[in-house]
Amino acid sequence: MNGIPDYNIRSMSEDDLDAVVAIEQDSFHTPWQREHFDQEMVAAHSYPFVAEYNGTIAGYVCLMSLFEEAQILDIAVASEQRGRGVARMLMDHAIGVARLKHAEVLALEVRGSNIAAITLYERCGFVRTGLRLRYYEGRDDAVLMELSL
Ligand SMILES: CC(C)(COP(=O)(O)OP(=O)(O)OC[C@H]1O[C@@H](n2cnc3c(N)ncnc32)[C@H](O)[C@@H]1OP(=O)(O)O)[C@@H](O)C(=O)NCCC(=O)NCCS
């Protein structure tokens, strides 16, 4: 990928939260609150990571991995950093960690209207396994997706 900056993927820390919460609020209708990220950083079986470049947080992913099943709980990239492969890097990292934790399947759910995210997950090898009709605010469908590890 020519011209793509060298992003560093590392565990999320307290110092990242101002940037993480700003990206979260900019990215979702019903964003997670700061306390939710605080919990992810201390919870057993939770693995939150950030992508950083030159001291700037470009995006983050929250993985949960418990016994044979892992889940992507949250992922977002700062709007000005999208389209550069940051989410793909974060997903590849999360998939690697889930494998290290001996998960057999990685699951997630996504709004049916979120073409960017569905494309990202399909590029990572996820397949659709189910649909929850009008799951979000009684309108948008939830698409269930899984990757066999
Ligand atoms: C979804 C999101 C995380 C993608 O981040 P990103 O860093 O721009 O994604 P990448 O650049 O790594 O792209 C990964 C793949 O998805 C595809 N993709 C990304 N944005 C896309 C878009 N708007 N339309 C179609 N495909 C898209 C890319 O083409 C790429 O596939 P490729 O490698 O075959 O070209 C980002 O748009 C975002 O933060 N959205 C708001 C939060 C959100 O919806 N999170 C998901 C909740 S389930």
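## Cysteines

The sulfur of C62 lies 16 Å from the closest cysteine sulfur, which belongs to C124, and this is too far for a bond. The model is a predicted one. A disulfide would require the two sulfur atoms to be within 2.5 Å. A search of the whole structure accordingly finds 0 disulfides.

C62 is buried, and its relative accessible area is 0%. C124 has a relative accessibility of 11% and also counts as buried, because the cut-off for buried is under 20% relative accessible area.

## Geometry of α1 and α2

Two packed helices are described by the angle between their axes and by the distance between those axes. Helix α1 covers residues 17-27 and helix α2 covers residues 34-42. The two pack at an angle of about 125°, and their axes are 10 Å apart. The crossing of α1 past α2 is right-handed.

## Residues in the helix contact

On the α1 side, the contact is made by L17, D18, V20, V21 and E24. These meet R34, F37, D38 and M41 of α2. Sorted by class, the contact between α1 and α2 has 5 nonpolar and 4 charged residues, with no polar ones.

Terms used
Residues numbered from 1 in each chain as written. Predicted model: local features only at pLDDT ≥ 70, side-chain atom pairs only at ≥ 80, totals over all residues. Heavy atoms only, no water. Buried < 20%, exposed > 50% of the residue type's maximum accessible area, 1.4 Å probe, protein only. Axes fitted to C-alpha atoms, helices over the stretch in contact; angles between N-to-C directions. Helix = DSSP H or I, 4+ residues; strand = E, 2+ residues; numbered from the N terminus. Left-handed = near helix turned anticlockwise from the far one by under 90°. Contact = heavy atoms within 4.5 Å. Nonpolar A, V, L, I, M, F, W, Y, C, P; charged D, E, K, R; others polar.
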